Structures are given as C-alpha cells and as structure tokens.
Amino acid sequence: MLNKRLSLLGISNIDYLNFKSAATVYVITPTHTRLTQKADLTRLSQTLLHIPKLHWIVVEDAAEKTVLVERFLKGCGLSYTHLAIKTSKHLIRGEDEPRWLKARGVEQRNLGLQWLRKHFDTVTMKGVVYFADDDNTYNIKLFEQVNNNVIDYDYCTVLHWEPGSNQQITKFF
C-alpha cells in the first residue's frame, strides 16, 4: 500500500521522513456536504499520502454515506474507513447562537473513536490518534512530530506536545 501511494507521488523512497516510531497514525476527519467538500478532502489527502503508516477515518455528517465521498476515498490511495452519522438536532447551533456555543463534528469524532475501540488490538497494534478537519491545511512535519512523540505506558499511548500548541491531540490507547 505504501509503495502504491509513493509511486502516485513519484517518490521512490521515504528517506526524507524521519519517523522513529512504528505507530500507525489514525486520522479522524469529520466532514459535511458543501460546495468545497471534495476539494477540501483532496487537499488533505495529498498531505496524508506522505505519511507511511496512516489510516484515515472519514466520518460524514449524514444519515448515510454519500456516493461523492465513497468514490473519492476509493481513488485517493489511502487506507481508510468511511462512516456516517447525522448530528443530533440538539447539537446544531441556531442562527442566533454564537459559534462557540456548540462544537461541530463531535458526534462524528466520537463515532471514529468508537470504530477504533472496536478494531484496535492493544496487544499487537501501536497507534496515535489525530483529529484533522478537512477544511484545514496541515504541514507534513506535524505528523512526523506526532509520530516521534509517542510514549508507551502498557496499553496506553500518551502524546507529549509542547505547551501553546493549538493542535488537537488525544490520549487514547
């Protein structure tokens, strides 16, 4: 799978990446239907293609998975899981309410974490979770730092992150 992804990018080796850990990076991305959705997912996937051990969990804010996202994921060259869950009405912000009042993508992130809990074997697997919104842009160095700062405590992976960082990191396994 990695060689296929690298060949799509015209890269013959991965010496330029300094991944010290063998942990798989699990990227959970909530997404919703909008005009720029495919463009946003494309931009994010182009960054994720550079990460040797990655599994992308894309969770749509919809009652069912859409054909657009399914087709996109099948052709993006990444290992992925495609899920869908519609945001509950009580979690949707009203037009009069401030943006900070209700967080977006919570149910989608939680479904991604549920999937990981069900499919992750803490005895044989090593992983780190990162929440990446599809409408943001990420530097490849961020994922190298995430993977290099994994510390193991029995079955729990804990990340060390510098204070003042605005990146979303979770303690999980």
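**Notes on the fold and its cores**

1. The largest nonpolar core has 21 residues, and V27, L48, L54, W56 and F143 touch the most other members. Such a core is a set of buried Ala, Val, Leu, Ile, Met, Phe, Trp, Tyr and Cys residues joined through side-chain atoms within 4.5 Å. Buried stands for under 20% relative accessible area, exposed for over 50%, and partly exposed for values in between (1.4 Å probe, protein chains only). At least two residues of this core come from each of β1 (24-31), α2 (37-48), β2 (54-60), α3 (67-75), β4 (127-131) and α5 (140-148). Another core, of 12 residues, lies apart from it and includes I28, L113, W115 and F131.

2. A word on the basis of these notes. The model is predicted: local features need pLDDT of at least 70 and side-chain atom pairs count only at pLDDT 80 or more, while totals for chains, interfaces and linings use all residues. Residues are numbered from 1 along each chain as its sequence is written, and side-chain values use heavy atoms, with hydrogens and water left out.

3. Now the overall layout. The chain holds 5 helices and 6 strands, arranged along the sequence as α-β-α-β-α-β-α-β-α-β-β. Helices (H or I, at least four residues) and strands (E, at least two) are DSSP runs, numbered from the N terminus. Of the 173 residues in the chain, 42% are buried. Among contacts (heavy atoms within 4.5 Å) between residues at least 6 apart in sequence, 68% join residues at least 24 apart.

4. On to the sheet. Four strands form an open sheet in the order β3-β2-β1-β4, with parallel pairing; two strands pair if DSSP finds at least two bridges between them. β3 (80-84) and β4 are the edge strands, each pairing on one side only. Neighbouring strands are turned by 20° against each other on average, direction ignored. α2 packs on this sheet, touching β1 and β2, and its direction makes about 165° with that of β2. Axes here are lines fitted to C-alpha atoms, for helices over the stretch in contact, and angles run from 0 to 180 degrees between N-to-C directions.

5. The β1-β2 pair is worth a look. These strands run parallel and are joined by 7 bridges; T31 has E60 as its bridge partner in β2. In β2, 7 of the 7 residues are buried, so this strand is largely enclosed by the rest of the structure. L54, W56, V58 and E60 point one way from β2, whereas H55, I57 and V59 point the other way. In a regular strand the side chains alternate between the two faces of the sheet.

6. Although β4 is an edge strand, 5 of its 5 residues are buried, so it is largely enclosed by the rest of the structure. V128 itself has a relative accessible area of 2%, and its C-alpha atom is separated by 6.5 Å from that of A23, 105 residues apart along the chain.

7. Finally, α2. Q37, D40, L41, L44, S45, T47 and L48 are buried in α2. These residues cover an arc of only 155° around the axis, which puts them on the same side of α2; the arc is that of the directions from the helix axis to the C-beta atoms.
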